[in-house]
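Student: I'm new to this one. Can we go through it together, with me asking how each description is reached?

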Amino acid sequence: MPPRTRTRTRARGLSAFSIVAFIAAVVLLALFPKFVENPYAVHLMVTFFLAVIMGEAWNLIGGYGGQYSVGHAAYFGIGAYTVLVLLQTNGVAPWWGLLPALALALGVAAIVGSITFRLRGPYFVLASIAVAEIFRLVALNWKSATNGAEGILLSGVPPIVIGGTEIVNFSSKVPFYYMGLALAVLTVLVTVWFQGSKLGYYLQAIREDQDAANSLGIPLTFYKNIALMISAFFTAWAGALYGLYVGFIDPQTAVGLDISVQIVLTAIIGGIGTVFGPVVGAAILVALSEALRSNAITDLLVAGGLVSETSSIGIFLKDHLSHAHMLIYGFLVAIVILFMPDGVLGAVNNAARRRRARAAAGGAR
Amino acid sequence: MTIFLQSLLSGILIGGAYALIGVGLTIIFGVMRIINFAHGDLVMLGMYASYFLFTLGNVDPFVSIVFVFPLLFLFGAILQKTVINRVLNALPQNQILLTIGIGLILSNTMMLLFTSDYRIISTSYSSGSFRLGEISVSTPLLLSFGITGLVTAILYWFLLKTDTGQAIRATAQDRDAAQLMGVNVKRMSVLATGLGAGLAAVAGALISPTYYIFPQVGQPFTLKAFVIVVLGGMGSVMGATVGGIIIGATESLAGAYISSGLKDLVVYVLFLLILLFKPAGLFGKSRV
């Protein structure tokens with residue numbers, strides 16, 4: 001079987017340029033809230049970080065391992081619900097509540113993995129969806145703990161106090177910004193490590209050909225399970241951060257199928273099985289859905305003279321397009337699958353490689 | 001005992017419509033080896049088509065199927081020719097993601113056009129029922145079950161007795177061999193998708209008098225259709241028919257004896273158990 005893409009099979013590790021660019025980007029992002037005080041901009045960045053964390057986490061098992069879980073909402077929900085239930089009903093501070101949340105995600109991933117990884121291809125996808133739906137139904141029906149369909153509305157996140165002095169106050173978005181940034185950087189670093197590790201190589205071998213990998217003595221289920229557990233760990237962490245940041249969760253927004261689909265899309269659109277694919281995907285998705293929500297696209301059409309603001313079409317777009325971000329996700333995934341199966345980053349890399357190859361051929365002549 | 005018989009009967013009646021949805025999914029899978037994640041959204045389109053025929057044209061939902069079927073058949077055929085055909089040889093994961101994308105486009109387009117308001121079709125018989133001894137039988141469900149039986153009979157005749165039907169079955173059995181025997185497999189793929197979409201829509205139209213109609217109504221049907229098809233055996237029409245009835249009955253009994261909120265949960269757990277212990281289903285060959 002020929003290698004599917006060159007992007008996924010080239011030498012591991014990052015180029016010097018990527019490392020410098022990454023460090024520069026992290027430094028700039030760390031300074032960002034010092035210069036930009038606009039809460040909307042900070043909010044957008046937190047949303048972006050959350051998408052990066054989930055995309056990178058899914059990428060470990062889905063991108064490198066080729067195990068397309070469309071049920072990661074289960075781990076996202078476990079993170080969000082555990083922390084928020086413990087905080088709201090038992091008064092457990094979130095940084096303590098995070099520990100059982102992450103432990104629970106690890107345990108559930110181990111159990112779910114050992115059941116569903118015996119299945120392959122579409123059967124695995126179906127099983128992963130069924131598992132997430134089971135968790136959603138539990139969240140919906142276990143009313144005494146989760147408050148059912150009404151969801152949980154946080155009355156506030158307590159400040160971190162050490163020795164009587166307040167260290168972090170969660171009344172602004174900035175602490176969430178730094179937590180999101182730190183976790184996003186951590187998941188990128190974990191992906192870099194994963195890509196070059198024995199575990200990462202095993203997973204890629206499994207992705208390319210399960211039976212060949214098995215015949216070489218790689219225990220399939222074991223390594224898939226480890227990757228899924230790491231993936232679930234960070235997804236649950238993102239879920240906890242999301243719950244605390246937004247302050248409200250219900251079964252649909254924390255464990256719904258839409259969450260699973262968005263997580264997969266983030267990785268697919270950017271380019272699966274690459275370190276920065278999910279980052280690119282997250283940037284595209286967050287920018288697009290915010291453009292829709294804020295009616296920027298309609299405004300653009302109006303400004304461009306394509307649609308009159310007072311015409312019936314203009315009014316219709318203003319009223320409806322802001323709710324239509326899932327529609328755009330649908331079109332995005334269809335376009336990416338049909339025309340850019342390696343994702344946006346893959347398409348850009350391929351184009352760059354073709355240009356270099358042409359230039360090299362021209363130089364040789 | 002009355003409760004048992006009562007829920008068994010209503011389960012079987014609703015299972016008829018489930019069977020049609022499952023049969024559509026299994027035909028598409030059989031011919032193209034693609035799992036259609038937009039299948040429930042095709043059911044949703046059938047419900048809307050029936051709704052608008054009823055409110056605008058005063059067409060009875062049960063009569064509307066003669067319009068809904070060709071309409072959605074055409075839609076499915078066009079969808080296959082323009083989009084799905086391009087991923088026939090792609091990775092199964094990419095095929096799944098594409099159909100998930102199609103499903104998102106369908107449900108959100110409907111939301112954009114018609115808002116997410118719940119709609120109902122109130123016919124003279126919508127809430128009608130009659131008693132059979134201790135058991136009450138819902139008139140619309142019984143009618144829809146009867147029509148489901150008729151549609152299934154026509155479908156079996158088509159698949160078993162006509163040349164086109166046999167060509168579809170041959171393609172499902174072995175695509176390459178069918179092609180060597182002179183079957184136009186590309187045409188069969190278009191036909192199968194049209195047929196699958198049409199059947200899903202007919203099921204949607206048949207249940208439209210008893211369900212709320214809204215853009216997101218399809219999603220649970222997609223999942224249920226998978227359970228049915230896996231239970232019956234992927235690609236087996238007979239299996240999907242039986243599977244639909246079994247799932248309908250299971251759901252209804254779980255609703256009566258456990259809790260109505262948890263009936264779907266029972267179905268998903270059953271699904272996982274089948275995948276693990278009898279992945280070939282009741283009537284299929286294992287492809288796991």
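Student: What makes β1 and β2 of chain B a pair of strands?

Tutor: This is a predicted model, and in it 4 bridges join β1(B), residues 129–132, to β2(B), residues 135–138. Pairing takes at least two bridges, so they count as paired, and they run antiparallel. Within the pair, B:L132 stands opposite B:I135.

Student: Which residue of that hairpin takes a positive phi?

Tutor: That's B:G133, with a phi near 65°. The hairpin has 2 residues between its strands.

Student: Why is α6(B) called roughly perpendicular to α8(B)?

Tutor: Look at how α6(B), residues 163–173, packs with α8(B), residues 185–207: the angle is about 100° and the axes are 10 Å apart. Angles from 65 to 115 degrees count as roughly perpendicular, so α6(B) is roughly perpendicular to α8(B).

Student: Which residues make that contact?

Tutor: From α6(B) come B:T164, B:A167, B:I168 and B:T171, and from α8(B) come B:V185, B:M188, B:L191 and B:A192. By class, that's 6 nonpolar, 2 polar and no charged residues.

Student: How do you know that chain A and chain B touch?

Tutor: A contact needs C-beta atoms within 7 Å, and by that test 34 residues of chain A are in contact with 32 residues of chain B. On the chain A side, α6 (121–141), α13 (257–270) and α17 (325–339) each supply at least two residues. The largest share, 13 residues, comes from α6(A).

Student: What classes of residue does that side of chain A have?

Tutor: The side touching chain B has 27 nonpolar, 4 polar and 3 charged residues.

Terms used. Residues numbered from 1 in each chain as written. Chains lettered and ligands numbered in written order. Predicted model: local features only at pLDDT ≥ 70, side-chain atom pairs only at ≥ 80, totals over all residues. Contact = placed C-beta atoms within 7 Å. Nonpolar A, V, L, I, M, F, W, Y, C, P; charged D, E, K, R; others polar. Axes fitted to C-alpha atoms, helices over the stretch in contact; angles between N-to-C directions. Parallel < 35°, antiparallel > 145°, perpendicular 65-115°, else oblique.
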